[in-house]
Amino acid sequence: MELLDGFDTLAVERAVTLLRAGEVVAFPTETVYGLGADACNADAVAKIFELKKRPRFDPLIVHISRKESVVDLVRSVPPKAERLMDRFWPGPLTLIMEKTNLIPDIVTAGLQTVGIRMPGHPVALDLIKRLGRPIAAPSANPFGYMSTTTARDVAHLFDHRLPLILDGGPASYGIESTIVSVRDGLVRIHRHGSVSAEQLAEVVGKVVEKEHDAASCESPGELPYHYAPHTPLRIIRTPSEIEVGNSAFLAFRQPLTPVRARHVRVLSAPGNMREAAARFFSSLIELDGTASEIIYAEALPERGLGRAMMERLRKAAKKTGG
Ligand code: TXA
Ligand code: MG
């Protein structure tokens, strides 16, 4: 497995050669790292599912390098989707729209819709441009585990099962993209992420939550089993709730008094949400590796990025039974 500097043109060309040959490569985006394959090559996309041990009913996001590519991939672009693209692309927003036949069914898990995003990371954009095709990519983590925000974490989790990882530095946002659909003029949030509901509302007015319909299982990312460490995780309001000594503590701010936990990671000493999000997954992955009995996570304010992080913590708590 090669780990190459993504800002080096030769490294990106090497990645393009692999993608053209139907291989999967890991690459950086501004949200989290992705496991990419040529979106038009169904066999290559199948390899992503195998690598991640991801169920085939969980659709992938298609990444493009220029807004104009959208018209080939979707049947029509609703006016509100257009406004969201203009405001947030390139950037951490994924739009779900009706797909054309250019996208193989395996990418969308048989759905008639496709999630599309133009990432804001220069290495991701360079890679897609040089390939000259869209790249289908989920987050670079085994299914159900937390997303990765550094090349090192990707290398660690996939060991030698990837031919190449492009290193683009630590992801600047650190939380996955926000996913929305626009249907009948209504913007629905399918997954909270790096663009906040408040930011969306500034552009399109009212936004609603996607109603959760387990039976239709439209988007497994919305199910309560995602983003989980192996260690049981419990959300607490104050560090005084820490009972177990052999524990880890994911603090939002710098604690004011000494805490009982053996391992402590502070997301942002002054309580800056953007900084906290950027450190969120890498800190959790680190704490998961400390052989602690339990990870305590300090509750974050439920606005902006805090809401996206809390959504992920709640899923982790639910899955691990902490
Ligand atoms: O920030 C991100 O979005 C990262 C980077 C790599 O772009 N990607 C990412 O992909 O988080 P993934 O596969 O881990 O999560 C994508 C979520 C999945 O939960 C999937 O179910 C949902 O998007 N999704 C994709 N296409 C969809 C569609 N057509 N309808 C509903 N949900 C969809
Ligand atoms: Mg994921």
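Which of the 26 residues around ligand 1 come nearest? They are T31, D58, H63, S139 and S177. By "around" I mean that a residue has a heavy atom within 4 Å of the ligand.

Quick housekeeping before we go on. This is a predicted model, where local features need pLDDT of at least 70 and side-chain atom pairs count only at pLDDT 80 or more, while totals for chains, interfaces and linings use all residues. Residues are numbered from 1 along each chain as its sequence is written, chains are lettered from A and ligands numbered from 1 in the order in which they are written, and side-chain values use heavy atoms, with hydrogens and water left out.

Okay, back to the ligand. S177 has a polar side-chain atom 2.5 Å from an oxygen atom of ligand 1. For D58, a polar side-chain atom sits 2.7 Å from a ligand oxygen, and for R117 that figure is 3.1 Å. On its own, ligand 1 would expose 680 Å², and the protein buries 98% of that. Those areas come from the Shrake-Rupley method with a 1.4 Å probe.

Who makes up the shell? By class, we have 12 nonpolar, 9 polar and 5 charged residues. Nonpolar here is Ala, Val, Leu, Ile, Met, Phe, Trp, Tyr, Cys and Pro; charged is Asp, Glu, Lys and Arg; the others, Gly among them, are polar. Strands β4 (61-63) and β6 (113-117) each supply at least two shell residues, and β6 gives the most, with 4. Helices (H or I, at least four residues) and strands (E, at least two) are DSSP runs, numbered from the N terminus.

Now helix α6, residues 122-131. Its buried residues are V123, A124, L125, L127, I128 and L131. Buried means under 20% relative accessible area, exposed is over 50%, and partly exposed is in between, with a 1.4 Å probe and protein chains only. The cover over them includes α1, β2 and β3, among others. Just after the helix, G132 takes a positive phi of about 75°.

Let's look at D38, which is in strand β3. Is D38 buried or exposed? At 6% relative accessibility, it counts as buried. Leaving out residues up to four places away in sequence, D38 touches L19, V45, L131, R133 and P134, where a contact means heavy atoms within 4.5 Å. With R133 there is also a side-chain to side-chain polar contact at 3.4 Å. A polar contact is a pair of N or O atoms within 3.5 Å; within protein, one must be able to donate a hydrogen and the other to accept it, and residues adjacent in sequence count only if both atoms are side-chain atoms.

Most residues other than glycine have a negative phi, and most peptide bonds are trans. A109 has a positive phi near 55°; it is in the loop between α5 and β6 and is partly exposed, because its relative accessibility is 24%. A291 also has a positive phi, about 55°, in the loop between α9 and β15, and it counts as exposed because its relative accessibility is 64%. Then W89 and P90 are joined by a cis peptide bond, omega about -5°, with P90 in the loop between α4 and β5.

Last, the overall layout. There is a domain 1 (2-209) and a domain 2 (233-320), with bounds from an automatic or database domain assignment.
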